[in-house]
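Trainee: I have a new model open. Can you walk me through it?
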Amino acid sequence: MSEPIRVAVLGASGRMGATTVRAVQEAGGLELVAAIDAGDDLRAVTDAAAQVAVDFTVPSATEQNVHTLVDAGVHAVVGTTGWDDASLGRVRDHLLRAPGVGVLVAPNFALGAVLAMSFARQAARWFESVEVVELHHPDKVDAPSGTARHTAQGVAAARAAAGLGPVPDATTHTLDGARGADVDGVRVHAVRLRGLVAHEEILLGNPGELLTIRTDSFDRVSFMPGVLLGIRQIAGRPGLTVGLEHLLELHG
Ligand SMILES: NC(=O)C1=CN([C@@H]2O[C@H](COP(=O)(O)OP(=O)(O)OC[C@H]3O[C@@H](n4cnc5c(N)ncnc54)[C@H](OP(=O)(O)O)[C@@H]3O)[C@@H](O)[C@H]2O)C=CC1
Ligand SMILES: O=C(O)C1=N[C@H](C(=O)O)C[C@H](O)C1
């Protein structure tokens, strides 16, 4: 029988970190060797000889955590949001100097959400209009969500590849924020409501028809199959992978 994968969790006292700690403890073939939160020294990861670290911390800390892990030769599975092209580019460059080390940055680990994004990319070329609405618990610090940004970027790329022009919008009179954020030409709206966990709708419109693609995470356990898949596969994926869709072969 092979040795279990030695796993560290960063942000272990948070909502996602605590759920991940439980999932790793209950999963076969994994061993939780370090649980780290704000103020703890990241050297605990290497002291415990962790092979994979999962990061569910905060947007202001996650990039530095990943660089420290890469320097230590520890594979990283990252769910924390706040990444952009520049920060992802710095990690990609860093990994060129750390052959064999893998980093997965996934804005959403829920299988339903990853499929919803894939379906939206598939549908995008056939619709004149598209907007994204994300709905979350009010303790979330970033808006729009990482998932909504990733969705809008994927939809915008699919539209561009199909030669579609801008989404029609005659708005000339407006209040700031009324039309949401512009992500690569796709409008993204963020709702924050007590009682919600993580939800998203992609609305695609044509004359006389509407396609709504909706995904709901009612409980944070919904993210765990994706997190465990990432932990199990990351050592075999050197370099930077952005999005769980690549592990599910849904990236087309
Ligand atoms: N990819 C996905 O599928 C999902 C991603 N997320 C994302 O994950 C992130 C965390 O979400 P959530 O768990 O709800 O947030 P929480 O605020 O509940 O948890 C974050 C935890 O990280 C701790 N922390 C802060 N800085 C550090 C650091 N430098 N090192 C270690 N720990 C640190 C915080 O401590 P303190 O409170 O003391 O600052 C807190 O305990 C967010 O970016 C969220 O958007 C969430 C759900 C799913
Ligand atoms: O903060 C959250 O809760 C979530 N964050 C991620 C995001 O910003 O997309 C994933 C999921 O939506 C839950």
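Mentor: We'll start with how the model is described, then take the ligand site and the chain.
Mentor: This is a predicted model, where local features need pLDDT of at least 70, side-chain atom pairs count only at pLDDT 80 or more, and totals for chains, interfaces and linings use all residues. Residues are numbered from 1 along each chain as its sequence is written, chains are lettered from A and ligands numbered from 1 in the order in which they are written, and side-chain values use heavy atoms, with hydrogens and water left out.

Trainee: Which residues surround ligand 2?
Mentor: T81, P107, N108, H136, H137, K140, D142, S145, G146, T147, A198 and F223. Each has a heavy atom within 4 Å of the ligand.

Trainee: How does that shell divide into nonpolar, polar and charged?
Mentor: Three nonpolar, seven polar and two charged. Here Ala, Val, Leu, Ile, Met, Phe, Trp, Tyr, Cys and Pro count as nonpolar, Asp, Glu, Lys and Arg as charged, and the others, Gly among them, as polar.

Trainee: What about contacts with H136?
Mentor: A side-chain N or O atom of H136 is 2.6 Å from an oxygen atom of ligand 2. For K140, the distance from a side-chain N or O atom to a ligand 2 oxygen is 2.6 Å. H137 has a polar side-chain atom 2.9 Å from an oxygen of ligand 2. A polar contact here is a pair of N or O atoms within 3.5 Å.

Trainee: How much of ligand 2 does the protein bury?
Mentor: 84% of the 320 Å² that ligand 2 exposes when taken alone. Areas come from the Shrake-Rupley method with a 1.4 Å probe.

Trainee: Which pocket is that space?
Mentor: Ligand 2 takes up the space of the largest pocket. A pocket is an open set of points on a 1 Å grid over the protein atoms alone, where a 1.4 Å probe fits, with protein on both sides within 12 Å along at least five of seven lines; lining residues have an atom within 4 Å of a point. A molecule sits in one if more than half of its atoms lie within 2 Å of its grid points.

Trainee: What does the UniProt "binding site" annotation cover?
Mentor: The unreviewed entry lists H137, G146 and T147. The lining of the largest pocket includes H137, G146 and T147. Such annotations may be inferred rather than shown by experiment.

Trainee: Where does H137 lie?
Mentor: In the loop between β6 (129-136) and α6 (146-161). P144 is also placed in the loop between β6 and α6. A cis peptide bond joins A143 and P144, with omega about -5°. Helices (H or I, at least four residues) and strands (E, at least two) are DSSP runs.

Technical notes. Polar contact = N/O pair within 3.5 Å; in protein donor to acceptor, adjacent residues only side chain to side chain.
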